[in-house]
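Work through the exercises below with the model open. Try each task before reading its solution.

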Amino acid sequence: MTRIPPASTVEPAPGSRQLARGITATWWYTVTAVLFIELMLVGAWTGIAAAVDLRGGVLLVVGLGGVVWCASTLLLLLDYRHRLEAGPGVEWRRLVLPFAVAVAYGGTAGLLVGSWELAGMPIVQFFVLLRWPRGVRVRVVVAATVVLVGLAVIDTAADGFGVGIPWWLPIVYAAMLPGMTVSSLWWWDVLVTLDRARASEARLAATQERLRVATDVHDLQGHHLQVIALQLELAERLLPVDAPAGMEQLRAARVSVDEARQGTRDLATRFRSVPLGDELANARDLLGAAGLDVEARIATDANAAPAADLGPVIRETTTNVLRHGGGERARLVLERTRDGWRYEIANGVPDGDGGAGDVEDGHGGSGLEGVRRRIADAGGTLDVRGDADEFVVVVTVPSAGEGAR
C-alpha cells in the first residue's frame with residue numbers, strides 16, 4: 001500500500017494531454033527559435049567587431065551586451081504569451097526595461113562598430129515582438145523590414161566595415177530578421193487558436209448535453225406529474241363515496257411517485273459519464289479536506305472499472321464517512337480481482353469511540369442499504385465489517401459489469 005500523492009492520480013483525456021504538450025512544446029520552440037536568430041546575429045556582429053577593432057571593450061559591449069539584449073527580449077516573449085486576450089494597445093509599463101536595453105545596446109554597439117544597421121536592429125526587433133492586432137502586425141513587419149534594409153544599404157554604401165563582407169549579406173539578414181521572428185510567433189498563435197477552438201467546442205458540447213438532459217427531465221417529470229395529478233384528483237372524488245376505490249388511487253399515485261423518482265435516478269445515471277478515476281480522486285480530495293490522513297491503492301487502469309456500478313457507490317460511501325464516520329484516517333482501494341473489481345473504503349475510528357455504527361446505519365435508500373441493493377442488481381456483493389478501531393466497506397462487482405459502461 002502506498003500513500004497517494006497530493007496531486008491527482010487521474011490524468012486528463014489523451015487528446016487534451018497531447019494538445020497541452022503540443023502547446024508547451026510550441027511555446028519553447030518559439031522562444032528558442034527567436035533567441036537563436038538573435039544570438040546568431042549577435043555572434044556575427046561580434047565577429048565583425050573583432051575584425052574592425054580587437055580592443056576588449058568593443059568586444060565586451062557587442063558580445064556580452066548582445067547576450068543581455070537577447071535575455072531582455074525573453075521578457076517580451078513572456079508578455080506576448082500571457083496577453084492572449086489582449087486587445088488593441090500595449091501595456092508599455094511592463095516593456096520599459098526591454099525597450100531601454102534595446103536602445104542602450106543598439107546605440108552603444110552601433111556607435112562602436114560604426115553600423116547603422118546594428119544600431120537599429122534591437123529597437124526594430126523590440127517592436128516586432130510586441131503583440132499587435134493582426135492588421136497592424138503586417139504593417140509593423142513591413143515597416144521593420146524596410147527600415148533594416150535601408151540601414152543595411154547605408155552601411156554597405158559607406159563601406160564602414162572594410163572587412164571584406166559581401167555587400168548583399170547585411171541586406172539579406174536585415175530582410176529576414178522581422179519575417180523569421182514573426183513566423184515563429186505565428187506558429188504559436190495558430191496552436192493557441194486551435195486550443196481555444198477545442199475549448200469552445202467542449203463548452204458547446206457540454207451546453208448541448210445540459211439542454212438535452214433538461215429536455216428529458218422535463219418530459220419525464222411532466223408525464224409522471226400529470227399522471228399523479230389525475231390519480232390524486234380521482235382519489236379526492238372517490239374517497240367520500242367509495243373509500244376502497246379512493247385508497248386504490250392513492251396507492252397508484254404513490255407507485256407513480258416511486259416510478260418518477262426511479263426514472264429520474266436512472267436518467268441521472270445514464271447521463272453521468274465521469275471516469276471512475278475522477279470519482280476516486282474526488283473522494284480522496286474530500287476526505288483529505290475533512291482532515292483525514294488518506295491512503296490509497298488504486299489500479300492504474302481504474303477508468304476501465306464499471307463506473308455505472310461503482311461510481312455511485314464511491315460517492316455514497318465517501319459521503320457516509322464524511323457525515324458519520326469520524327476518525328483520523330481513511331483508506332481507499334480499487335483493484336482487479338480474478339472475476340472483476342474490488343472496492344474498499346475504510347475509516348479509522350480513534351480510541352474505539354463507536355463511530356463505525358453510525359456509518360453502518362445509513363438512512364434508508366440513501367445509506368448502505370441503498371448501496372447493497374445497487375450492487376446486488378449489478379451481480380456484486382457488499383461486505384460491511386467494523387470493530388473498535390476501523391470500519392470497512394468492501395464491494396465487489398463482476399467484470400461483466402463493464403458492459404454497462
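**Exercise 1: a buried tryptophan and its ring partner**

Trp-69 is buried, at a relative accessible area of 1%; buried means under 20% relative accessible area, exposed over 50%, and partly exposed in between (1.4 Å probe, protein chains only). The model is predicted: local features need pLDDT of at least 70, side-chain atom pairs count only at pLDDT 80 or more, and totals for chains, interfaces and linings use all residues. Residues are numbered from 1 along each chain as its sequence is written, and side-chain values use heavy atoms, with hydrogens and water left out.

Task: Classify the aromatic pair of Trp-69 and Tyr-105.

Solution. 
- Step 1. Set the rule. Rings of Phe, Tyr and Trp (its six-membered ring) pair if their centres lie within 6.5 Å; planes under 30 degrees apart count as stacked, over 60 as edge-to-face and the rest as tilted.
- Step 2. Classify. Trp-69 and Tyr-105 are stacked, at 6.0 Å centre to centre and 10 degrees between the planes.
- Step 3. Trp-69 sits in helix H2 (residues 56-82) and Tyr-105 in helix H3 (residues 96-113), so the pair ties together parts 36 residues apart in sequence. Helices (H or I, at least four residues) are DSSP runs, numbered from the N terminus.
- Step 4. Check the partner. Tyr-105 is buried too, with a relative accessible area of 5%.

**Exercise 2: a phenylalanine pair**

Task: Which kind of pair do Phe-126 and Phe-127 form?

Solution. 
- Step 1. The ring centres of Phe-126 and Phe-127 are 5.2 Å apart and the planes stand at 85 degrees, so the pair is edge-to-face.
- Step 2. Phe-126 is buried at 2% relative accessibility, whereas Phe-127 is partly exposed at 31%.
- Step 3. Ring pairs join Phe-126 and Phe-127 with Phe-99 in a cluster.

**Exercise 3: the nonpolar core**

Task: Which residues touch the most other members of the largest nonpolar core?

Solution. 
- Step 1. Define the core: a set of buried Ala, Val, Leu, Ile, Met, Phe, Trp, Tyr and Cys residues joined through side-chain atoms within 4.5 Å.
- Step 2. The largest core has 42 residues, and Val-62, Trp-69 and Met-121 touch the most other members.
- Step 3. H1 gives the most to this core, with 10 residues.
- Step 4. List contacts (heavy atoms within 4.5 Å). Beyond its neighbours within four places in sequence, Trp-69 contacts residues including Glu-38, Val-101 and Met-121.

Technical notes. Helices (H or I, at least four residues) and strands (E, at least two) are DSSP runs, numbered from the N terminus.
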